[in-house]
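User: I have a structure open and want to go through it piece by piece. Can we start with how the strands pair?

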Amino acid sequence: MRRLLAPLLAVLVLAGCTARPAGESAPALAGGASTMPGPVPADLALRPAPGTAPAAPAFTGGLTDGTPLTAARLWADRPVVFTFFSSWCTTCVARQDALSDLARRHRDRVVFVGVAGADQAEELQDYLRTHRVEYPVVVDEQQTIWRSYAVREPPAVVLVAKGGALLRGWPGGLDAAALEQRLGELVLAGSG
Amino acid sequence: MRLTTGTRRGTGALAILLLAGTTGCGGPDPGPEAVTPTTVRVLVRDINIRAEGVDCAGTGPYLYFHHRAPFRLLDPDGAALVTGKLPAGTAVAAFAEDLAVERVPTYCEFAVPVQVPQRTGYRLEVAGRPALDLTPDSSEGPALVAVVPA
């Protein structure tokens, strides 16, 4: 009887430590479906995109929780900023808090999308939580999206106009203050 | 608790083995092996456009050279002498000419201070990729250097 009791107790203890109460779901992954934008604000005023701008490479990728994201659906009704990054990138780390804040201030008007390459899932989640990244993050494990935008190393930032015109790309990235200025000059009417 | 005869025998044998282990079986203890400070320098010649001096990673096929990438410094027999994680690389100008622009063609250089015992040769393995041969170089202080691609 004692031989049976010890394993049984161990199972009960482990179950008590790991199981969630009924009805409680696992916490949402940072960068997953819960970060997708809401409706476009009715008062969003945009500058017209130059007719000479090339089309941005379209892609569909999986967010951190596997939810598919189709880039063209986002830029169909508002500008999109792609930030190409890795959790190990020191320049990305130095700039991310301010970029996260900029994205929050422009939430739903300009959609930020992170594109994480050459990264590990756990380290990526640590990065996103530490730097309060509250926008969708595509996991680009093989860097196919990176290559379609000619990104060779993180960081890099790309700005796409409503409708899908590729406005500007910044290899090496840029800080939040410079990006905000460029948003005013290139896409947001009445703010540049 | 009472011990049976068999248990006593086993306990006695274990004690002898532990004693042998603590006193050493191979003669006098040679002590820790002497080590020498040096720097492992790897120049990744990816010719990427960057501002000189910024943090960098290798690009294209060399993207696995990056901050926090695991490395092992190996001796000629493949034994790991040092293990660790790479620091960020630093962008160094690929050409001497002043191009009068902020972003220029650069290489990405990694410098890792290590302490190594004397061996006839050293190799560097990064992120589980095939190891690189390191060459001693004292032109800028003691260093073990490699260039990628070789």
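Analyst: This is a predicted model. In chain A, strand β3 (residues 80–85) pairs with strand β6 (residues 156–160) in the antiparallel sense, over five bridges.

User: Which residue in β6(A) is the bridge partner of Phe82(A)?

Analyst: Phe82(A) has Val158(A) as its bridge partner there.

User: And what holds paired strands together in general?

Analyst: Strands of a sheet pair through backbone hydrogen bonds, parallel or antiparallel.

User: What is the order of the strands in the open sheet of chain A?

Analyst: The order is β5-β4-β3-β6-β7, five strands with mixed pairing. β5 (137–140) and β7 (166–171) of chain A each have a single partner strand, so one side of each has no neighbour in the sheet. On average, neighbouring strands of this sheet are turned by 15° against each other, direction ignored.

User: New topic. Which residues touch the most other members of the largest nonpolar core?

Analyst: That core has 44 residues, and the ones touching the most other members are Val80(A), Phe82(A), Val113(A), Val115(A) and Val160(A).

User: Take Val160(A). What does it touch?

Analyst: Leaving out residues up to four places away in sequence, Val160(A) touches Ala56(A), Trp75(A), Pro79(A), Val80(A), Ala165(A), Leu166(A) and Leu167(A). There is also a second, separate core of 25 residues, which includes Val40(B), Cys56(B), Leu73(B) and Ala146(B).

User: How many residues does each chain bring to the contact?

Analyst: Chain A brings nine residues and chain B brings 16 residues. On the side of chain A that touches chain B, four residues are nonpolar, three polar and two charged.

Methods
Residues numbered from 1 in each chain as written. Chains lettered and ligands numbered in written order. Predicted model: local features only at pLDDT ≥ 70, side-chain atom pairs only at ≥ 80, totals over all residues. Pairing = 2+ DSSP bridges. Helix = DSSP H or I, 4+ residues; strand = E, 2+ residues; numbered from the N terminus. Axes fitted to C-alpha atoms, helices over the stretch in contact; angles between N-to-C directions. Core = buried A, V, L, I, M, F, W, Y, C linked by C-beta atoms within 7 Å. Buried ≥ 20, exposed ≤ 12 C-beta atoms within 10 Å, placed from the backbone. Contact = placed C-beta atoms within 7 Å. Nonpolar A, V, L, I, M, F, W, Y, C, P; charged D, E, K, R; others polar.
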